[in-house]
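Please open the structure in the viewer and follow the selections below in order.

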Amino acid sequence: MAIKSKYHAVRGMTGSLPKENLLWRTIEDDLIQILSSYSFQEIRLPIIEYSGIFNRSIGESSDIVQKEMYSFTDRNGESLTLRPEGTAGCVRAAIENNLLSTSAPLRLWYHGPMFRYERPQRGRQRQFHQIGLEIFGADSVLAETELMVIFSRFWSSLGISDITLQINSLGNQEDRQAYIKVLTDFFSNHSSKLSEHNLQKLRSNPLRILDSKDPEIIKLISDAPTLDNFISDEARARFTDFKNLLSMVGINFKENNKLVRGLDYYSDIVFEWTTESLGAQNAVCAGGRYDDLIGQLGGKHTSAVGCAVGLERVVELCEQKELLKTPKMPKLFVLSTDAQYSKELLVLCEKLRDMYPKICFELDISERSLKSKMKKADKSEAEAAIIIGQQEIEEGTLTVRPLRNSRAQKSCNMSELEDFLKGS
Ligand code: ATP
Ligand code: MG
């Protein structure tokens, strides 16, 4: 529970605490391990980019650009933005560093905080964390399918089963233009039900209304014309291929012809993994194809697909269901009987660390009494205390006192420690 203090975290930017981070780390490592096995390479991206990159790629009419970006002018008069998502910066870096000229496809992943000025609530923060994946230079829907099998593997490895893949095709640019015309007519006929914000979207990009989270609007949308009647034969054939591939690799999916995504750079196939277990913030991972973005940002035309997973939401899913009992490193609490031996204790502890790199040694660096050190050892969740005093130093031994069972304490030398812990 947070206590009242003079300074507090910025609203919606809480970070995560030590007791939570074992789970965070396990989840991240799990996905990174899977990504490495699919030959994805890590790219580290700056948190700040020139604002123009986001305006251009995410789209002027998107909620992100309209009202969610943390933008500021630096001392040089340049407009900069804390990244609200990773794709635009990843594309910028790939173009700038000539990564796209290497043999395709290029598979990249990145990790880190994203910033959006949204209304903080369960599953929605202003600083949140994503792992993002991008595949550059792959025309075939095999690329989309690869992203789906990766995430399917990830959910199974975490034990998450109540998750659904929703897919849609946005068609090509012309398909969408034709659709936008009829959608504009539909929403214009219902303009009395639209807020000022949605009326503005109706003027700038009516597709954005389909991405609304407002229950009233969602109800209205259920009667709206659907995009599937407008997509070209080519886009339809790709979508069919994608669905066939998903079936071949045993991934269930739901077609959702209202799924449009909130970022302008998507075209063709889009997808979202959603769950019923997180309330209103139900999207856990989302993405799609964006073949035109690299050209728009000044690179040579290169096909691209990508997606990002919201880590806070994955963590909450795992916590909720008590999935992932994260195995902790075995731990020992190392203390001296008196502060005068603390230097010897430090040196001995370093020797133990050399011999047992997979054990956590919590060194007592306090100058408390032996009694209070033992209390601390008890609370530390260590399996045993290693106690060093005059006698141990002279004999080169350790006194090991088990803390979690009734076994008697024992004197042993350093190389016998592991056997003692195993119970022999
Ligand atoms: P949502 O529909 O929940 O607003 P989005 O469509 O804006 O999500 P993307 O931009 O596609 O999301 O980001 C990918 C993932 O990042 C989302 O599926 C979600 O899990 C996570 N995410 C997005 N915004 C936030 C946020 N403000 N707080 C926590 N997680 C978020
Ligand atoms: Mg959003």
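At what angle do helix α1 and helix α11 pack? Select residues 18-37 for α1 and residues 311-320 for α11: the angle is about 110°, and the axes lie 10 Å apart. Helices here are DSSP runs of H or I with at least four residues, strands are E runs of at least two, and both are numbered from the N terminus. Axes are lines fitted to C-alpha atoms, for helices over the stretch in contact, with angles from 0 to 180 degrees between N-to-C directions. The angle therefore makes α1 roughly perpendicular to α11 (65 to 115 degrees).

This is a predicted model, in which local features need pLDDT of at least 70, side-chain atom pairs count only at pLDDT 80 or more, and totals for chains, interfaces and linings use all residues. Residues are numbered from 1 along each chain as its sequence is written, chains are lettered from A and ligands numbered from 1 in the order in which they are written, and side-chain values use heavy atoms, without hydrogens and water.

Next, display the side chains between the two helices. L23, W24, I27 and E28 of α1 meet L311, E312, V314, V315, C318 and E319 of α11, where contact means heavy atoms within 4.5 Å.

Now turn to the open sheet of 5 strands, ordered β13-β12-β14-β15-β16 with mixed pairing; strands pair if DSSP finds at least two bridges between them. Select β13 (360-363) and β16 (410-412): these edge strands each have a single partner, so one side of each lacks a neighbour in the sheet.

Within the sheet, select β14 (residues 384-388) and β15 (residues 398-402), which run antiparallel and are joined by 4 bridges. A385 stands opposite R401 in β15.

Finally, select helix α12 (residues 342-355), which packs on the sheet and touches β12 (331-336), β13, β14 and β15.

Definitions and conventions: Angles under 35 degrees count as roughly parallel, over 145 as roughly antiparallel, 65 to 115 as roughly perpendicular and the rest as oblique.
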